[in-house]
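Dear colleague,

Please find below the sequence and the structure for your records. A written account of what was found follows directly after them.

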Amino acid sequence: MLEIKNLHAEVDDVEILKGVDLKINPGEVHAIMGPNGSGKSTLANVVMGNPVYEISKGNIIFEGEDITEEPVDNRAKLGMFLAFQYPESIPGVTIVNMLKTALTNIEETEYTTLELRLKVAESMEQLGLSADFADRYLNEGFSGGERKRNEILQLAVLDPKFAILDETDSGLDVDGLRVVGEGVSKLKTDDKGYLVVTHYQRLLEYIKPDFVHVFVDGKIVESGGVGLSDKLEKDGYESYL
Amino acid sequence: MANVDIDLGKYSLGWSDPEKNVFKPEKGLNEEIIRKMSEIKEEPEWMLNFRLKAYKRFLDKPMPEWVAKEKLSQLDFDDIYYYIKPTEDQADSWDEVPEEIKQTYEKLGIPEAERTYLAGVTAQYESEVVYHKNREDLEKLGVLFCDMDTAVREYPELVQEYFGTVIPPGDNKFAALNSAVWSGGSFIYVPKGVHVEDPLQAYFRINAENMGQFERTLILVDEGASVHYIEGCSAPVYTTDALHSAVVEIVVKASGTCRYTTIQNWSNDVYNLVTKRAQAYGNATMEWIDANLGSGLTVKYPSVYLMEPGAHGEVLSVAFANSGQHQDTGAKMVHLAPDTTSLITSKSVSKGGGRGAYRGLVRVEDGSETAKSFVRCDALILDDESRSDTYPYMEIEEASAVIGHEATVSKVGEDQLFYLMSRGLSESEATSMIVAGFVEEFTKTLPMEYAMEFNQLIELNMIEAGAVG
């Protein structure tokens, strides 16, 4: 599904990704765990195609197609999604309006506002969001928890083949974590891939990873099964630094 | 006809019709032309005298030097047609309007809007209103809505009492010019306590090259009455200058409400130099909702004179300055009584080398106790070539007044674009959406059909010439 080969990326001439190799098959959940500042979020952004970062070496292959140079909107249309760590607020743009245009582009079918509302309503209820949530402006005045739920709401509605969750558990209280975690786990199916970028193990209790990768100083330094995240939770990252 | 096809891509209203005018004098202005138009219009003596006096004022007044000096100095008053009468009579059925003119209004969607949700329509083409119709219920309520020329003939007392009192001819050079050569525009009177639920609309179309359009509007809202008036406009794309210089006077009596919405979408050939002013009496509300998307130079500061206690004035001004455009817009609020309140919200978007400016005045006269005013100006700049300026003037002579001012300048952030594009939106869709969100406060004041059309206009403005800087 997704293959990352010897990926190097930099911003302002500072190299942040220093040779990342990763292969994700359909149905697999991969967790990237690492200390703050290790470049985990950069990896999430570069895979999605954030033009702020320059790819200096390596390739990103999605479903057999080299997308290293593809702009971000094309990646979304191919079925990729990023749940942002710090989603931007966009004043005056309602969630339902944005999702209508997004879904129309991604699925190449015109949705009416009513059809879209029905589609959104179900996911909103699951995520414990009130009915008027979809009419709020994107992330404008949202609490940390609302921002994250909004990301998962978009994930549910856009239904991508492959999703990256960037620190989705940060800024959530226990209830928020449960709602978001259950929301994500419902979306997990055999044909979808997930890359879960996280500092802590808490989200992984809801969305069980098949593989855990330790990410330090711009690359993967160790890979293993779910046991590895237990070890990291107990011992921290000190032994890798 | 020097139509420029390349510009039509972004400005979709730029076609022109063949001219079949009833009366079209030479270019340029002199007393003889003024006398002739007054004669054709069968005006009373007082109006001819009003015009001739105003013409002298116009000649005496220098060009303003405090705004767009260079562009204004290029305006050649001798190269303008001051009066063109396109049809013999005004029609009250679209079928009676000459076919080509009718087609133009069909393309602009006016008859369709009239059928679905307007209470009354006037359509002005060049200097005259060629079509006018009110819904029957309007007339039963005693509401008067017609073109200004008809009002001079049919409601002389009302017109004579108010015409030129809110904006005297000597107010500024362009108000003087309008007073001398005005033609067309709307007259509205809403009787005491009457609420006109659906909007009244006027649409102004310039067709001829080098045309000068000088409509004159007077709106009288009597005590406790309310009305929403909407005006739209467009013109063909030529390579020469046209001039649009309107005067709009409004009086809102005690506890009345008037909302005046403008969607200005002239082609870039048009100089748009307009004077708009309202007087609001005790507890009355006046709202100017003023969107400027077109014209090469717009100079317009809708104002509200808050005459009596409790009067409230609002201006919501939205301006898009694209390539080749200078939008110098804003508002004026003059507090003349205690407990008056005003709110100015200005949103300007500049792009492709366009120049936007907010210019505004809040004046609180001595004795306007506890008057409150708040001014907010937000500018969104889409690339490095474009420019936005703010000129807020405050003249506060009352110590108990509460005045607030807030200004922001922002650029469309890379992070915002990346966020929206990661949901499958193209760069121009994402930019349009951010811009539409920026002016959402304006859009939500519009009837739904207009709001949709307005958002399409924004998209059109964003799409041309590829991506944003």
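In what follows, a residue is called buried when its relative accessible area is under 20%, exposed when it is over 50%, and partly exposed in between (1.4 Å probe, protein chains only). Please note that this is a predicted model, in which local features need pLDDT of at least 70 and side-chain atom pairs count only at pLDDT 80 or more, while totals for chains, interfaces and linings use all residues. Residues are numbered from 1 along each chain as its sequence is written, chains are lettered from A and ligands numbered from 1 in the order in which they are written, and side-chain values use heavy atoms, with hydrogens and water left out.

Salt bridges

A salt bridge is taken here as a side-chain nitrogen of Lys or Arg within 4 Å of a carboxyl oxygen of Asp or Glu. Over all chains, the structure holds 37 of them.

One joins B:Lys41 to B:Asp149, with the closest N and O atoms 2.8 Å apart. B:Lys41 lies in the loop between α2 (31–40) and α3 (45–60) of chain B and B:Asp149 in helix α8 (residues 148–154) of chain B, so this pair ties together parts that are 108 residues apart in sequence. (Helices, H or I of at least four residues, and strands, E of at least two, are DSSP runs numbered from the N terminus.) Both B:Lys41 and B:Asp149 are buried.

B:Glu65 and B:Lys69 also meet through their side chains in a salt bridge (3.9 Å, N to O); B:Glu65 and B:Lys69 are both exposed.

A further salt bridge is formed by B:Lys411 and B:Asp384, whose closest N and O atoms are 2.9 Å apart. This pair links distant parts of the chain, since B:Lys411 is in strand β22 (residues 402–411) of chain B and B:Asp384 is in the loop between β20 and β21 of chain B, 27 residues apart. B:Asp384 counts as exposed because its relative accessibility is 68%.

B:Asp383 is placed in the loop between β20 (372–381) and β21 (387–396) of chain B. B:Asp383 is buried yet has no salt bridge, and the nearest side chain of opposite charge, that of B:Lys351, is 6.4 Å away. For charge, Lys and Arg count as positive and Asp and Glu as negative, while His and the chain ends are not counted. The side chain of B:Asp383 has a polar atom 2.7 Å from the backbone nitrogen of B:Gly352 and reaches the backbone nitrogen of B:Glu385 at 3.3 Å.

B:Glu128 is found in strand β2 (residues 128–134) of chain B. With a relative accessible area of 11%, B:Glu128 is buried. Beyond its neighbours within four places in sequence, B:Glu128 is in contact (heavy atoms within 4.5 Å) with residues including B:Lys41, B:Tyr83 and B:Asp149. Its side chain makes a polar contact with that of B:Tyr83 (2.5 Å); a polar contact is a pair of N or O atoms within 3.5 Å, where within protein one must be able to donate a hydrogen and the other to accept it, and residues adjacent in sequence count only if both atoms are side-chain atoms.

B:Asp171 lies in the loop between α9 (156–162) and α10 (173–181) of chain B. At 30% relative accessibility, B:Asp171 counts as partly exposed. Leaving aside neighbours within four places in sequence, B:Asp171 is in contact with B:Lys61, B:Thr275 and B:Arg277, and a polar contact of 2.8 Å joins the side chains of B:Asp171 and B:Arg277.

The interface of chains A and B

Chain B contributes 20 residues to the contact and chain A contributes 34 residues. Between them the chains bury about 2,000 Å², 65% of it on carbon and sulfur atoms; buried area is the accessible area (1.4 Å probe) that two parts lose on being put together, summed over both. In chain B, the most area is lost to chain A by B:Phe418, B:Tyr419 and B:Arg423, together 40% of what that side buries. The rule finds one salt bridge across this interface, and the side chains of A:Glu151 and B:Arg423 meet in a salt bridge of 2.7 Å, N to O.

Yours sincerely
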